[in-house]
Amino acid sequence: MESSNPGQNKSWWSVLKSPSAKYSLIGLLAFGFVSGIVFWGGFNTVLEATNTLEFCTTCHEMRDTVYPEYKETIHYSNRSGVRAICSDCHVPKIWAYKMVRKIKASGEIWGKLTGSISTPEKFEAKRMELATHEWDRLKSTDSRECRNCHNFDAMSPQAQRGTVYKKHMKAKAEGQTCIDCHKGIAHKLPKEYREPDEE
Amino acid sequence: MTLLRSSLSIATLMAGTLLLAAPSAQAADEEAAKALARENKCLTCHGISKDKDGPSFKKSAEKYKGKADAEAALSKHLTSGAKIKLPDGTEEAHKIVKADPAQLKNLVQWILAQ
């Protein structure tokens, strides 16, 4: 009996390797093409479903901590009605970077399983560490996700307050990036955080 | 009777002392005030003891020193978008501080205590 299995495996492998005697090449190509579209569409739909605000707030770790804070900020509610949701800031738009981020984010499942931020107290204890990861990520990409919407060149000296506009133009000239100054804009600043020049 | 009366006066005196001491017990919560200042980006334009685009908090405290309505005046300044003059001579509206009344009161008291 045992000896028949390798033979069976071999024959399946041979079938896979040998040219089709039954289906035409164009039929196989068409089938592969359509299957590819269906697979890719399905994959992308699921991927994009993990980028929605509803998905992010499914877990109480986000819903009870960072989400209510974000709802108080200008990125949630503003005069012009443009809203930036979690993924707009925390997930890159470019596909390759998005995949890297999503793979890294799978580590958050481990955090969920081990309950690393399962209570507001535990979250507060780790807020500085988690915020620092995100600040470092934005710093390393020249605040790429901020720049999906914001652009130094699109800032109007008439619409922006004078001091703010001057600071932005100085930052542009000195090669500073958004996150250098704009920390804690959508969530509370960690209690351990200190401005570089407070005194 | 005399003993009771003197005990009462001592108690009254102690209560009075406690009442007098009360304001210092309500001194501003420094950490909470600084946290609010960071959240509102106050420290971008004001240092605690260093002038930036705006005066230092020490300078602001000196300006309001001895004024009876200091707390009310500074609260209004921080929440009304008051016109301010910058070092380069230009004028603009001051940023409106986002905070609930208790937080704002604490921030104002802390600034005035610098």
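Helices (H or I, at least four residues) and strands (E, at least two) are DSSP runs, numbered from the N terminus. The model shown here is predicted, so that local features need pLDDT of at least 70 and side-chain atom pairs count only at pLDDT 80 or more, while totals for chains, interfaces and linings use all residues. Residues are numbered from 1 along each chain as its sequence is written, and chains are lettered from A and ligands numbered from 1 in the order in which they are written.

**Figure 1. Chain A, with its 11 helices and 0 strands.** Along the sequence, the elements of chain A follow the pattern α-α-α-α-α-α-α-α-α-α-α. The C-alpha trace spans about 80 × 40 × 30 Å along the principal axes of chain A. The radius of gyration of chain A is 25 Å, whereas a compact globule of 199 residues would have one near 16 Å; this radius is taken over C-alpha atoms, and the globule rule is 2.2 Å times the number of residues to the power 0.38. Of the 199 residues in chain A, 8% are buried, a residue being buried if 20 or more other C-beta atoms lie within 10 Å of its own, exposed if 12 or fewer, and partly exposed in between, with C-beta atoms placed from the backbone. Among contacts in chain A between residues at least 6 apart in sequence, 65% join residues at least 24 apart, where two residues are in contact if their C-beta atoms, placed from the backbone, lie within 7 Å.

**Figure 2. The loop of chain A that holds Asp142(A).** Asp142(A) is found between α9 (120–140) and α10 (162–173) of chain A, and although Asp142(A) is not a glycine, its phi is positive, at about 55°. Most residues other than glycine have a negative phi. Because Asp142(A) has 13 C-beta neighbours inside 10 Å, it counts as partly exposed.

**Figure 3. Chain B, with its 5 helices and 2 strands.** From the N terminus on, the elements of chain B run α-α-α-α-β-β-α. Buried residues make up 14% of the 114 residues in chain B. For the contacts in chain B with a separation of 6 or more, 52% are accounted for by residues 24 or more positions apart.

**Figure 4. The packing of helix α2 (residues 30–39) of chain B with helix α5 (residues 101–112) of chain B.** The two helices pack at an angle of about 105°, with their axes 9 Å apart; axes are lines fitted to C-alpha atoms, for helices over the stretch in contact, and angles run from 0 to 180 degrees between N-to-C directions. α2(B) and α5(B) are therefore roughly perpendicular to each other, since angles under 35 degrees count as roughly parallel, over 145 as roughly antiparallel, 65 to 115 as roughly perpendicular and the rest as oblique. On the side of α2(B) the contact is made by Glu30(B), Ala32(B), Ala33(B), Leu36(B) and Ala37(B), and on the side of α5(B) by Gln103(B), Asn106(B), Leu107(B) and Trp110(B). By class, the residues of this contact are 6 nonpolar, 2 polar and 1 charged, where Ala, Val, Leu, Ile, Met, Phe, Trp, Tyr, Cys and Pro count as nonpolar, Asp, Glu, Lys and Arg as charged, and the others, Gly among them, as polar. Ala33(B), Leu36(B), Ala37(B) and Arg38(B) are buried in α2(B), and what covers the buried residues of this helix includes α5 of chain B.

**Figure 5. The largest nonpolar core, with 13 residues.** A nonpolar core is a set of buried Ala, Val, Leu, Ile, Met, Phe, Trp, Tyr and Cys residues joined through C-beta atoms within 7 Å. The members that touch the most others are Ala33(B), Ala37(B), Leu74(B), Leu107(B), Val108(B) and Ile111(B). Two or more residues each come from α2, α4 (70–79) and α5 of chain B, and α5(B) gives the most, with 5 residues. Leaving aside neighbours within four places in sequence, Val108(B) is in contact with Glu71(B), Leu74(B), Ser75(B) and Leu78(B).

**Figure 6. Leu189(A), in the segment after α11 (178–181) of chain A.** Leu189(A) is partly exposed, with 17 other C-beta atoms within 10 Å. Not counting residues up to four places away in sequence, Leu189(A) touches Lys183(A), Gly184(A), Ala35(B), Arg38(B) and Glu39(B).
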